[in-house]
Amino acid sequence: MYEDHYIFTPGPVKMSQEIMDIGAVQTPYFRNSEFSSVVFNCEQGLIDIVNAPKGSKVIFLTASGTAGMESVVMNLLNSDDNALVVNGGGFGARFVHICNVHEIPNTNFRVKNTNLSDINTLAPQGEFSALIVNAHETSVGHLYDVTALGHYAQKNNMMHIVDAISMLVTDKLDMQKSNVDVVIASSQKGFALPPGLTMVVLSPNAIQRLQDVKSLYFNFKDYLANGERGQTPYTPAVTIMLQLEERLKQIERRGGISQSIASAKEVSEYFRSSIKDLPLKVTTSFMPNAMTALTPTDGKSALDIVNDLEYQYKVMVCPNGGDEKDTIFRVSHMGDMTKEYTDVLIDALYDYYKVTRS
Ligand SMILES: *Cc1c(COP(=O)(O)O)cnc(C)c1O
């Protein structure tokens, strides 16, 4: 549909040719040792990327990222908990919603203009058993200080659940350093794969706290039992897992996860410095490498800009929803990004504003 377009949307993101090629061939049978080794490779690769503690396990769900969020709440929290949920936008609000649906007592911790480095003074008073955060609140392009959150969680004996879906591969996450018990990842953001595969990394502490759930498909204990032999209880997203295995190798070939993060940092900083002469300002000062959220300063509608970029230049960026549709649009730096590719967007913006790029 958009094959000839330039992709700067925050999921699905720009994919590399070698990953797309894997999607073009026959899906193999998977109940055998060949596929088990793919699952084990994917598990080990993910554990390495987030520096998970020894004994951590990965759950592979055939679903979008929200299923990862919901299933974590279902498998790790119950009515005796009181979850402190960081809510700085649409995805934080989704966690509050999920807790409410599953009748998990929760405190809606609304935040704005802070990366929570000073969580100790900002957090509401109360007895909390868990801290839930979307490390990168994708709706506004805002990155939290997960290490500060981890210290706070540790000090207060709280389980630390991190939705890292839109910052893995582009921004650093270290489960051990940041005292994280659960990480939720998804295929279609920084991993630059098709949507449909969600991964949950469970630390030994989280594994110990798994409970019996009233769900067949989202029963983590069942996934762990099958995972012992490199399998999943139900048909996995076979092709996406083959693509994930290759993607993990690709990250290694390109110099490892730290190099992928450094590269995303370079591209995002290049983009931000290149558009300084345009009537656009960044929406937050706490930006991830994964994304830049922009606000027009000349009164132009953000949504009009998004549509004009698509129809006039074949460049896809992402509008914000609701009452932010005219004030904010977002540019993703996730996926198979380079400065040269980003130049297409930068040049389009200069042409659109009729400003000469210096
Ligand atoms: C994209 C995203 C999700 C998952 O959304 P799905 O549409 O269910 O894949 C969850 N959390 C964050 C922070 C995201 O950016």
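How do the residues of the lining of the largest pocket divide into nonpolar, polar and charged? I took this as the opening entry, working from a predicted model.

**Entry 1, pocket.** I looked up the largest pocket and noted a volume of about 500 Å³. Its lining comprises 17 residues, of which Y2, E3, I7, V13 and M20 are the closest to the centre. Sorting the lining by class, I recorded twelve nonpolar, three polar and two charged residues.

I next examined how α3 and α4 pack. Helix α3 covers residues 65–76 and helix α4 covers residues 90–101. I found an angle of about 40 degrees between them, and their axes lie 10 Å apart. That angle makes α3 oblique to α4, because angles under 35 degrees would count as roughly parallel and those from 65 to 115 as roughly perpendicular. The crossing of α3 past α4 is right-handed.

I then listed the residues in contact. From α3 these are T66, M69, E70 and V73, and they meet F91, R94, F95, I98 and C99 of α4.

In the loop between β1 (6–7) and α1 (17–22) I located P12. The peptide bond leading from G11 to P12 is cis, and its omega is near -10 degrees.

In the loop between α4 and β4 (106–110) I located E103. I noted that phi of E103 is near 55 degrees, a positive value in a residue other than glycine.

Notes: Residues numbered from 1 in each chain as written. Predicted model: local features only at pLDDT ≥ 70, side-chain atom pairs only at ≥ 80, totals over all residues. Heavy atoms only, no water. Axes fitted to C-alpha atoms, helices over the stretch in contact; angles between N-to-C directions. Helix = DSSP H or I, 4+ residues; strand = E, 2+ residues; numbered from the N terminus. Parallel < 35°, antiparallel > 145°, perpendicular 65-115°, else oblique. Left-handed = near helix turned anticlockwise from the far one by under 90°. Contact = heavy atoms within 4.5 Å. 1 Å grid on protein atoms, 1.4 Å probe; cavity = no way out; pocket = protein on both sides within 12 Å on 5 of 7 lines; lining within 4 Å. Points joined across faces, edges and corners; volume = space filled by probe spheres on them. Nonpolar A, V, L, I, M, F, W, Y, C, P; charged D, E, K, R; others polar.
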